[in-house]
Every structure is written in structure tokens, then in C-alpha cells.
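Dear colleague,

Please find below the structure that I am handing over to you.

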Amino acid sequence: MKSEPSIEELLQAVIEFIENSVIPKLEGHDKFHAHVAKNTLGIVLREIMLLRDYDEKEVARLKNILSKEDNIKELNKLLSEKIRNGEININDDSLKDHLIRTTMAKLSIDQPHYSGYLKGKEDNYPSDSET
Amino acid sequence: MSKLKKKLKEIIPLFEPNFVEIKELRRLSGGSSNESWLLVLKTNNEDRFLVFRRTPDGKIKDSTVSSFIGINNEAKIMNLAYKHGVPVPKIYHIIDESYGIGKGFFMEYLEGLTIGNRIVRDHSLKDIKATLARQCGEILSMIHQIPIDNLIDIPTSTADNEINKYEEVYFKHDSPIPVFDLAFKWLRKNIPYQDELTLVHGDFRNGNLIIHPKDGISGVLDWEIFHLGDPYEDLSWICVNSWRYNNINLPVGGFGSREDMYIAYEKSSGKKLDRERAKYWEILGTLKWGVMCLNMIEIYRSGFDKSIDRVSIGRRSSETEIDLIRLLLID
């Protein structure tokens with residue numbers, strides 16, 4: 001099923017409504033919360049557009065590091081355990097590459113203007129993001 | 001008239017004999033756990049400005065968010081800091097829960113900016129900004145020199161306690177974040193030898209400082225998680241990237257350099273600071289903020305606070321992942 005307009009267009013319209021028609025009319029705490037609401041929908045929009053591709057790449061890396069097939073949550077759980085019990089060295093290069101790529105991907109959804117993320121882009125950290 | 005206002009009118013004459021009426025009562029923004037209210041009083045003399053700070057919604061229970069000492073102890077420690085020359089609002093009166101508006105206290109209103117983002121960017125502060133890191137060093141050295149021998153019932157929390165506490169919250173959240181596991185692992189392996197305990201503010205950062213355009217730091221706020229611990233905790237918490245408000249190249253609160261703060265601290269305390277140890281605590285502080293963000297999701301889910309800003313802060317946890325990567329894997 002494919003309904004029109006797309007979910008991206010619908011979200012974009014709501015974001016613009018909050019920005020242009022709601023925020024200018026509010027004061028104080030409500031204005032602050034409206035800003036947060038707008039930014040939150042931005043996260044939703046970016047996640048819808050980007051997550052599937054990121055997850056595929058993340059799972060492929062995890063399978064490679066862990067030599068195991070499973071879903072993304074279980075693979076991450078296993079990676080966490082192996083880091084904790086020392087089975088994977090925290091200075092391992094493929095682990096490092098994986099963690100940096102996964103984190104850069106998260107930031108491109110959660111907070112693409114965050115200074116730590118912008119510095120990562122400036123310093124050419126490995127990344128799956130195309131922008 | 002609201003119940004709060006009615007009760008306040010009963011209480012205020014206890015410490016302000018010239019009180020006539022309340023001209024203004026307004027909730028101040030900020031403070032995700034305890035509430036702060038601005039009070040403007042008409043008196044027989046001139047108008048008087050005060051801040052009333054109380055438990056959330058006037059509930060009897062102390063905040064479950066971050067406080068572990070209780071709001072009345074916060075007032076007591078601020079009083080002590082005031083006596084030792086630390087810039088803090090003067091405490092006028094402490095109330096218990098018997099009035100039905102929660103526990104809390106009345107304190108001096110100090111003029112200045114407190115919103116971190118504005119402090120980093122506001123033009124009215126451009127002359128004073130260069131001195132703020134030095135002031136942070138001096139103030140922290142004063143806080144850390146407050147004698148602790150007579151303090152009773154104050155929790156002690158050193159690096160290993162902090163790690164245990166936040167690891168427990170992370171485990172409870174039950175959603176694996178491998179970067180956090182890596183950071184916990186590294187932090188456990190490198191715990192510094194705890195040679196001295198001092199009073200630690202616990203939340204000394206841009207956002208909890210009142211900045212006056214001429215005098216600089218006129219007040220240190222939010223003492224609700226003070227404890228005995230490692231003085232480097234305070235020196236490094238203010239450098240956590242999240243408190244630089246996107247001014248990443250000015251590590252101290254987004255307004256100053258580490259060396260300015262360290263040198264002022266060393267001069268004022270007569271102690272040489274260990275830069276590596278400061279970095280250790282910056283890594284621990286960064287991880288702590290990341291776990292606190294996760295805890296915001298739990299607070300939202302528990303029903304304690306269903307606001308949009310509470311739940312969406314959860315997505316700020318990833319900002320600490322990229323900062324931890326920079327601190328642990330890149331630098």
C-alpha cells in the first residue's frame with residue numbers, strides 16, 4: 001500500500017505549521033515546549049528517511065565482528081557483553097570503526113547540528129551518512 | 001487566590017516584618033527537579049525580590065530525579081557556602097511540609113543570566129566572558145576548601161561509587177549501548193587513587209551559574225546533589241561538551257579555556273592539578289550525562305513527568321556517545 005501524500009510530506013507540513021503559526025504566538029514555557037515539539041518531529045522525519053539503510057549497514061558490521069546471525073537488538077546485546085567481559089579488545093580497529101559509524105549515524109538523526117557530530121564530520125570520522 | 005499564594009502570605013511575615021503584599025509570583029524556567037519561583041514583594045520600604053524554591057508541585061516527597069540530600073539540606077549547604085565567601089544567594093527562611101505547599105526555602109534574587117545557551121552567545125556578556133573561567137577556578141577552590149569535619153549525614157561518592165550508581169541505571173534501562181559499555185570498562189580500569197575527599201557541588205556547570213554582565217559569576221545555584229567526593233568531579237563536569245552549548249572550542253562552559261580555570265584554581269588553593277585526572281572525570285561526567293538522558297525516558301514512562309521535553313531529552317543520550325568516542329578513541 002502506498003498512500004499519498006507521503007509520511008515525509010505530512011510531517012514536513014506539521015513542522016512548518018508549528019514553526020510559522022504556533023511558535024510566534026506563544027510565550028515562556030509553552031513556547032519552549034513548542035520548539036521541542038518541532039525538533040522532535042524533525043527526529044521522526046530523519047529517522048523515517050534514514051534508519052532502514054543505517055540498520056542494514058550496522059547489522060552487516062555486527063555480524064562480521066561477532067561472526068553470528070541475529071537481529072539488531074540481540075547483536076548489540078552480544079557486542080555489549082563481549083566488550084564488558086573483555087572478549088573484544090576495546091582498542092580493536094574494526095570495533096572502533098563500527099562504533100564510530102553507528103554513532104555518527106545516530107547523531108545524523110538525533111542531532112545533526114550537535115558540535116561533537118559536526119567535529120566528527122570536519123575531522124573525517126568514518127561515516128555511513130551521505131550528507 | 002491560589003493556595004500557594006495564600007500560604008506564602010502567611011509565611012513571608014515570619015522573615016520580612018515590613019511585608020505588605022505579593023506583587024508578582026512567577027515560575028522561573030529551568031530546574032527539572034525542584035521548582036523555583038520569583039516573588040516580588042511590596043513592603044513598607046522598597047519592593048523586595050526573592051526566590052522561593054520548593055519540591056516539585058509542592059509534593060512532600062523530595063524530587064526523585066536527582067536529589068539525594070533533600071531540599072532543606074540544600075538550603076543548609078548554601079548557607080555554609082555563603083559563610084565561606086562562595087557567591088550564592090543568601091538563604092532567608094526554610095519551611096517544612098506543614099504548610100501544605102511542599103518543603104522549600106526563600107533566598108535572595110540575584111540579577112544576571114542563567115540560561116547556558118544565552119550566556120555563550122549574549123553580546124552583553126562579551127566584556128566579562130574572558131574572566132569567567134578564572135572565576136570558576138577560584139570559586140571551585142573555595143568550595144573545595146570548606147571544612148568538612150563538622151558535616152554530618154552527607155553522602156560520600158567517589159569515582160567507583162559514581163560508576164556503580166550510573167551503571168545500575170544503565171542496566172535498568174535494558175537497552176544496550178556498546179559505546180557506554182566501552183566507557184564503563186575503561187573507567188573501571190583507570191579509577192584514580194582517592195587521596196582526598198572534599199565537598200563537591202555535584203552540578204557545577206554553565207546553566208547553574210548566575211552571570212552578571214559586569215561582575216561575572218554572582219551566584220552558584222542547584223546544590224541539590226552536593227556530596228563528599230573527588231574535587232576533580234566539579235572541575236571536569238563544567239567541561240563536559242553538552243555544557244558548552246555548541247561552543248566546542250571553549251571547554252569551560254563554552255566560555256573559557258581549561259588552563260585559565262586550572263591556573264586560577266592552583267593559585268587560590270596552592271595545589272597542583274593533574275590534567276590527566278581531570279580528563280578521567282570529564283569522561284566519567286560525559287557518560288553520566290548520557291545515562292541521565294536515558295533515565296529521563298524512565299521518568300517519562302513512570303508517569304512522574306509526561307512532558308515533551310522530558311521524553312525527548314532521551315534522544316540526547318547519543319550526543320554523549322560521540323563525545324565519548326572523541327575522548328576515548330580519537331584524542
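**Findings**

Read from the N terminus, the elements of chain A follow the order α-α-α-α-α. Chain A accordingly has 5 helices and 0 strands. Please keep in mind that the model is predicted.

The overall form of chain A may be described next. Its C-alpha trace extends over about 55 × 40 × 25 Å along the principal axes. The radius of gyration of chain A is 19 Å, whereas a compact globule of 131 residues would have one near 14 Å. Of the 131 residues in chain A, 21% are classed as buried.

We may now turn to the nonpolar core. In soluble globular proteins, nonpolar side chains tend to be buried together. The largest nonpolar core in this model contains 89 residues. Within this core, the residues with the most contacts are Cys136(B), Val179(B), Ala183(B) and Leu287(B). Helix H9 of chain B, residues 275-302, supplies the largest share of the core, namely 10 residues. Where does this core lie in relation to domain 1 and domain 2 of chain B? Domain 1 (3-108) and domain 2 (116-330) both contribute residues to the core, so it lies between them.

Leaving aside residues up to four places away in sequence, Cys136(B) touches Ile238(B), Val252(B) and Met261(B).

Yours sincerely

Note on methods:
Residues are numbered from 1 along each chain as its sequence is written. Chains are lettered from A and ligands numbered from 1 in the order in which they are written. This is a predicted model: local features need pLDDT of at least 70, side-chain atom pairs count only at pLDDT 80 or more; totals for chains, interfaces and linings use all residues. Helices (H or I, at least four residues) and strands (E, at least two) are DSSP runs, numbered from the N terminus. The radius of gyration is taken over C-alpha atoms; the globule rule is 2.2 Å times the number of residues to the power 0.38. A residue is buried if 20 or more other C-beta atoms lie within 10 Å of its own, exposed if 12 or fewer, and partly exposed in between; C-beta atoms are placed from the backbone. A nonpolar core is a set of buried Ala, Val, Leu, Ile, Met, Phe, Trp, Tyr and Cys residues joined through C-beta atoms within 7 Å. Domain bounds come from an automatic or database domain assignment. Two residues are in contact if their C-beta atoms, placed from the backbone, lie within 7 Å.
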